[in-house]
Amino acid sequence: MRHYLDFEKPVAELEGKIEELKHLSDAGDLNIAEEVQRLQTKADRLLRSTYAKLSAWQKTQVARHPQRPQASDYIAQLVTDFTPLTGDRLYGEDRAILSGLGRLGGHACVVLGQEKGKDLTSRQTHNFGMARPEGYRKAQRLMRLAQRFGLPVITFVDTPGAYPGIGAEERGQAEAIAKSIEVSLGLDVPVIAVVIGEGGSGGAVALASADRVLMLEHAVYSVISPEGCASILWRSADHAKDAAEALRLTAQDLHRLGVIDTVIEEPVGGAHRAPQDTVATVGRALQGALEERLAVPRGELRQQRRQKFLEMGQAGLG
Amino acid sequence: MNWISDYVRPRIRSLIAKQDVPENLWEKCPSCGQMIFHRELEANLRVCTACGHHMRISAQRRLELLFDEGEFQTIELPETPVDPLRFRDRERYTDRLKKARSKTGKQDAIVVAHGTIGGSKAVVACFDFAFMGGSMGIAVGEGLVAAARLAVLQEAALIAVPASGGARMQEGILSLMQMPRSTIAVEQVKEAGLPYIVLLTDPTTGGVSASFAMLGDIHISEPGAVIGFAGQRVIEETIREQLPEGFQRAEYLRDHGMVDLVVPRGELNATLGRLLSLLTVPSLPRAAEIIPLAPPEAAADGTGPGEPVATEAESVTSGGELESAEREPQEPRGG
């Protein structure tokens, strides 16, 4: 069952009609094929034109689409020999972040991915992709492991943000995020991040202080959620749409601002329409970025990463 | 019209002015409600004489009480792009900036100064909460980067004094990027073998707490300061539970292992001075590498020639002598 977003309603109607007609044609009426073809073309055109000019708020909805491929899908399709490793060795195991060793395009690497979950049970298991300090400390542990064995680090970023809870605060959520940024910036192995869905604030930066930050065409990455921003600056969450525009959280804007390095194209109608194609495209982009960074002498990686961040933000949108 | 402007308005003004007098001379403690005579409050460093509540103070006042004899020199901070996103909510960001500038007389929410504390050289990067809630945007990040460079150049300790609600929303993702940028800044100080101390003041939350503010060699806090990642309202809405007594206060963080010392305002100069002298007059030659992330044996990995990492700390000799000529020249950039 396909999940349609609000602004996809016209497409949904057309596709509904097509389904109905297909049912009828199963009953033996052959003349319908032409009509189905006509409607299909119309639906495709509509989908294409809708997705060609998505607003920032619409992109936010696409980025949060329940059927959008998640870190686990990327790992399953792209990472061979994946061997999950768990636990921060300090307190617990946080399943908001998937973690382990594996090979991407033949290169052994450490893989970290924020996972939101796909149904009620798995969403609870993964805490909707909101990591606690244990998740970030596990990430640090694996980054250090990568450093020790000279393995690149690949991260899949997809989180509404770090978890806001009593225990998370008591166990040092702020410190855990800060330290993850510090450890990631200190590595002298390649670090490549892909924002696959929602890059939610500090909880995302913790896994995105990388040499190269790639981002899917309809993913978003922001200092605060549009809802959060609206409720503070507009004093009403109803202005989320305005906040989304103002925050410049789209891949296109972030690329213009020099915050991300590459925008990865999504299939027409968004990643959720063709998850496998999306994952494959991301895989190629990742491999390209990885091999480009592997060609850099190991002793220079860290300095180049630092330089990149130090130079960031000197130019506005122009 | 004349009657209004010549008679009514002055009358109204004089009525209001009369009420103004006690408000200017007496201040109410926001914690216990005690009325305190303004001179008494100032003499007590804006700490309530009845309950010990530490009120927020300006960056200027903070610097005066941190440095020896209240003497310090501020440095000019590099110019940064103004309103890079052309952000507008109910108000233009440029207008909000103008207001904050005229209200505080400051260019942005951070002031960087150098001087001595307990006789030791120190660079202090101090937030001003009065400037847009001390929020961290490009200018603040740039201030921290400049402060770190100055500390390295002067072989001085770096002391960061956050008073901030977090990242500045009006600079969007570029504010978020100040988290890695400020982290790099303080790393450079640590790698030079210099002390990096954070004095957490009320409040230190959000992206500020989740970056440079939680990466100090030592964390000091003022009593009662709110320190945490998520805002209390957000937590309450998420978990739908009442927050425990004293949650996210300095003492609570100390009890949970996040802060070394909770120090009353009047003792900050002495405490910092003592710490700096303990840290900077080592009885053993100081190890320059602070975070040995690259053990030499990790070289055989097949990803590159695998030379040991040339950390910046290697330009510091074991005696702590800085060969500044070898240091990467990183001039403050213009905007």
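**Close-up views of chains A and B**

**View 1. Polar pairs link the two chains of this predicted model.** Across the interface of chain A and chain B, 12 residue pairs are in polar contact, with both partners at pLDDT 80 or more. The residues of chain A that touch chain B divide into 32 nonpolar, 17 polar and 16 charged.

**View 2. A salt bridge joins R302(A) to E191(B).** The closest N and O atoms of this pair are 3.1 Å apart. In total, 3 salt bridges are found across the interface of chain A and chain B.

**View 3. Chain A and chain B bury about 5,700 Å² between them.** Of this area, 65% lies on carbon and sulfur atoms. The contact takes 65 residues from chain A and 67 residues from chain B.

**View 4. Within chain A, helix α3 (residues 56-63) packs against α11(A).** Their axes are 7 Å apart and meet at an angle of about 95°, which means that α3(A) is roughly perpendicular to α11(A). On the α3(A) side you can find A56(A), W57(A) and T60(A), which meet A240(A), K241(A), A244(A) and E245(A) in α11(A). The residues of this contact divide into 4 nonpolar, 1 polar and 2 charged.

Key
Residues numbered from 1 in each chain as written. Chains lettered and ligands numbered in written order. Predicted model: local features only at pLDDT ≥ 70, side-chain atom pairs only at ≥ 80, totals over all residues. Heavy atoms only, no water. Contact = heavy atoms within 4.5 Å. Buried area = accessible area lost by both parts, 1.4 Å probe. Salt bridge = Lys/Arg side-chain N within 4 Å of Asp/Glu carboxyl O. Polar contact = N/O pair within 3.5 Å; in protein donor to acceptor, adjacent residues only side chain to side chain. Nonpolar A, V, L, I, M, F, W, Y, C, P; charged D, E, K, R; others polar. Axes fitted to C-alpha atoms, helices over the stretch in contact; angles between N-to-C directions. Helix = DSSP H or I, 4+ residues; strand = E, 2+ residues; numbered from the N terminus. Parallel < 35°, antiparallel > 145°, perpendicular 65-115°, else oblique.
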